[in-house]
Amino acid sequence: ISPVIQVLIFGYAATTDIDTVPFGIYDLDNTKDSRDLVREFTYSKYFVPKYYISNDEQQRKLIDKSSINTILRMNRQFGDDLNAKKGAEVQLILDGTDSNTAQVVLGYSTSIINRYEYKMLRSEYGFSENSQGIPYIDLRDRAWFNENLISRNFNLPGVIAMIVTIMSLLLSAMAIVREKEIGTMEQLIVSPIKPIELILGKLSPFAVIALAQVIMITLVGVLWFHVPIRGSLVLLLCATMVYLLTSLGIGLYISTLCATQQEAMMSVFLFYFPTVLLSGFAYPVANMPQVIQWLTVINPLKYYLVVVRGIFLKGVGINVLWYQILPLFVIGVTVLVLSSLRFRSRLG
C-alpha cells in the first residue's frame with residue numbers, strides 16, 4: 001500500500017508546471033485601455049484574478065500574507081500615455097520568496113504584454129510591425145523580499161522545516177519502540193512515575209535537540225550562505241515549539257503502533273514523504289488538484305513553511321503569521337492529546 005500511496009501523490013502533486021497564478025489587480029487608471037490589458041491577463045490560461053485592490057496598504061497585506069503572489073498595477077495616465085504614443089508603464093509586483101515561480105510568472109506576463117501590444121497596433125491603430133512612432137508599453141518588474149530571485153534564499157528556510165520534521169519524528173518514534181525491544185518497557189510500567197511524566201521525559205530532549213538544530217541551521221544559512229533573516233528569531237523558535245507538538249505527537253503515536261524499530265522507521269517515512277510533497281516545499285499547492293488542496297489543510301508542515309519563510313524573507317511578525325500559527329497549534333494539541341491517550345492506554 002505504501003508505494004501505491006506515494007506514487008499517487010507524486011503523480012498529482014509533483015509538478016513544476018505553473019498553470020495557476022493567483023493575482024491581484026490594482027487599476028488606478030480604470031480606462032478602456034487598462035481594462036483591456038486586465039482582460040488579456042484574466043483570459044489567459046495562467047492568471048486567475050483573486051482580488052481587486054483599492055489602496056497600497058491592501059496591496060502590501062495581500063503579499064505579506066501570501067494570499068496572492070502577483071499584482072498587476074497600472075497607475076493613472078496609463079491610457080493617456082498609451083494613446084499619446086508615450087511609454088505607458090505597467091508594474092508587475094512579484095512575491096520573490098519563491099524565485100522559480102516568480103521567474104515563470106514574469107515570463108508569462110511579458111508574453112501577454114507583447115501580445116496585447118501587437119494586437120493593439122494591428123487592430124486599433126492599424127500600424128505594421130515596422131511603423132515609426134508607435135505606442136508601446138514599458139513593463140517594470142519588481143520582486144519583493146527576494147530581490148535577485150536567488151533560489152537558495154527560498155530553499156534554505158525550507159530545509160529547517162525538513163530537518164526538524166524528520167529528526168523529531170524519528171527520535172520520538174524510535175525511543176519508545178526501543179524500550180519495547182530491549183524489555184525495559186515493563187520496568188517503566190511498574191515504576192512509580194506517572195504516564196505523563198514518562199511522556200514528557202521521552203519527548204523533552206527531542207524538542208531541545210530540534211530547537212538546537214534550528215539555531216545551528218539558521219546560523220549557517222545567515223553567516224555562510226548570506227540568507228537574510230528579516231524577522232524575529234524568538235518568533236521562529238516559538239513557532240518551532242508549536243510545530244513540535246505535532247511532529248513529536250505523531251512520532252509518539254507511531255511508537256504505539258509498532259513493535260520493532262524497523263517498523264517504526266518505515267512508518268515514519270510513510271508519513272514523511274506525502275507530508276513534504278503536500279506542504280508547498282517544492283511544488284506550489286495552488287497548482288495541485290482541488291481534492292489534493294483540501295488534504296493540505298490538515299498538513300501542519302504547510303503552515304510551518306509559511307511561517308519560516310515569512311520570518312526569513314518577509315520579516316513579518318505575529319500580526320501576520322498568527323493565522324498560520326493558530327491552526328498549527330490546534331493540530332499540534334489535538335495530535336499530542338490523542339497520542340498521549342493512546343500511549344497511556346497501552347501502558348495500562
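Me: How do the residues of the lining of the second largest pocket divide into nonpolar, polar and charged?

Reply: This is a predicted model, where local features need pLDDT of at least 70, side-chain atom pairs count only at pLDDT 80 or more, and totals for chains, interfaces and linings use all residues. Residues are numbered from 1 along each chain as its sequence is written, and side-chain values use heavy atoms, without hydrogens and water. On a 1 Å grid over the protein atoms alone, a pocket is an open set of points where a 1.4 Å probe fits, with protein on both sides within 12 Å along at least five of seven lines; lining residues have an atom within 4 Å of a point. Ala, Val, Leu, Ile, Met, Phe, Trp, Tyr, Cys and Pro count as nonpolar, Asp, Glu, Lys and Arg as charged, the others, Gly among them, as polar, and this lining has 11 nonpolar, two polar and no charged.

Me: What volume does the largest pocket have?

Reply: Grid points are joined across faces, edges and corners, and a volume is the space filled by probe spheres set on them. The second largest pocket holds about 280 Å³. For the largest pocket, the value is about 1,200 Å³.

Me: Which element gives the most to the lining of the largest pocket?

Reply: The lining residues divide into 23 nonpolar, 15 polar and eight charged. Seven residues come from the top contributor, α12.

Notes. Helix = DSSP H or I, 4+ residues; strand = E, 2+ residues; numbered from the N terminus.
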